[in-house]
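Have a go at each one before you read its solution.

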Amino acid sequence: MKITILSLFPEMYEGFLKTSIIKKALDKQAVEIEVVNFRDYTLDRHNHVDDTPYGGGQGMVLSCQPIVDALKAHRTENSQIYLMAPVGETLSQKKVRELAETDHLILVCGHYEGFDERISNYVDGALSIGDYVLTGGELASMVISDAVIRTLPGVIVEASHLDESFENDLLEYPQYTKPVIYDGYEVPEVLLSGHHENIRKWRLKKSLERTMKYRPDLLEKHEFTKEELKMMEEIKKND
Ligand code: ADE
């Protein structure tokens, strides 16, 4: 898979590309990432990439020409192109899995300002990473790239995806490591028992408890098994 990022601040990606799992994924050639400064495509004498909004109002708006020309230079038949914008579809693990299927993802980052709406004629959609406004799309593009890259084959151990938060509409259960007692806080006994079935049940119940407490909206689309329904009753009873 290849990811092309269009940004006015390529230097923001230096740490991202040189660290940890993303660096390993690049070294292994599980993914190729290219960061393009779309200011290089401006035909404006002063290299301007934005202008004042028609109709008046605060701030500046990113112009069509530099972004569309940069897209034309970098897209292929197989590219999926997304603008990073708070008005876009909110990212979910499901969307991440969908994006990971594409051969070539192009993420376009704005900064300070919005995009000229006509740019939407050249892209497949807009993506938001949450209901808040960032100073630019760079962090959003890193979040999206990170979430996509870690799902690619060979990047992280396959089994570690299965129990993850959001993979089955539930938040992940709590995890513990050595020592057994830290500052008086103990690891739950069941996890030390070696009894796999009891551990599975305990983890499932904790996942349900956590999801109910922090993300009850996820339970609305969750398809409960009989076992989970029984656990939910127990959880509600003990509440
Ligand atoms: N640019 C500014 N805010 C954003 C957000 N929440 N998601 C994606 N891109 C953005």
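**Exercise 1.** In which helix is Ser-20 found?

Solution. Start with the ground rules: this is a predicted model, where local features need pLDDT of at least 70, side-chain atom pairs count only at pLDDT 80 or more, and totals for chains, interfaces and linings use all residues. Residues are numbered from 1 along each chain as its sequence is written, and side-chain values use heavy atoms, leaving out hydrogens and water. Now look up Ser-20: it sits in helix H2, residues 20–27. (Helices are DSSP runs of H or I with at least four residues, strands are runs of E with at least two, and both are numbered from the N terminus.) Next, check the backbone: phi of Ser-20 is near 55 degrees, a positive value in a residue other than glycine. Last, Ser-20 is partly exposed at 47% relative accessible area. (Buried means under 20%, exposed over 50%, partly exposed in between, with a 1.4 Å probe and protein chains only.)

**Exercise 2.** Find where Asp-169 lies and look at its phi.

Solution. Asp-169 is in the loop between H6 and S9. Its phi is near 65 degrees, again positive in a non-glycine residue. Asp-169 is partly exposed, at 23%.

**Exercise 3.** Which peptide bond is cis, with omega near 5 degrees?

Solution. Go to the bond from Lys-178 to Pro-179. Pro-179 lies in the loop between helix H6 (159–162) and strand S9 (181–182).

**Exercise 4.** Is Ser-128 buried or exposed?

Solution. First place Ser-128 in strand S8, residues 125–128. At 3% relative accessibility, Ser-128 counts as buried. Then list its contacts (heavy atoms within 4.5 Å): leaving aside residues up to four places away in sequence, Ser-128 touches Ala-85, Pro-86, Gly-88, Glu-89, Thr-90 and Leu-91.
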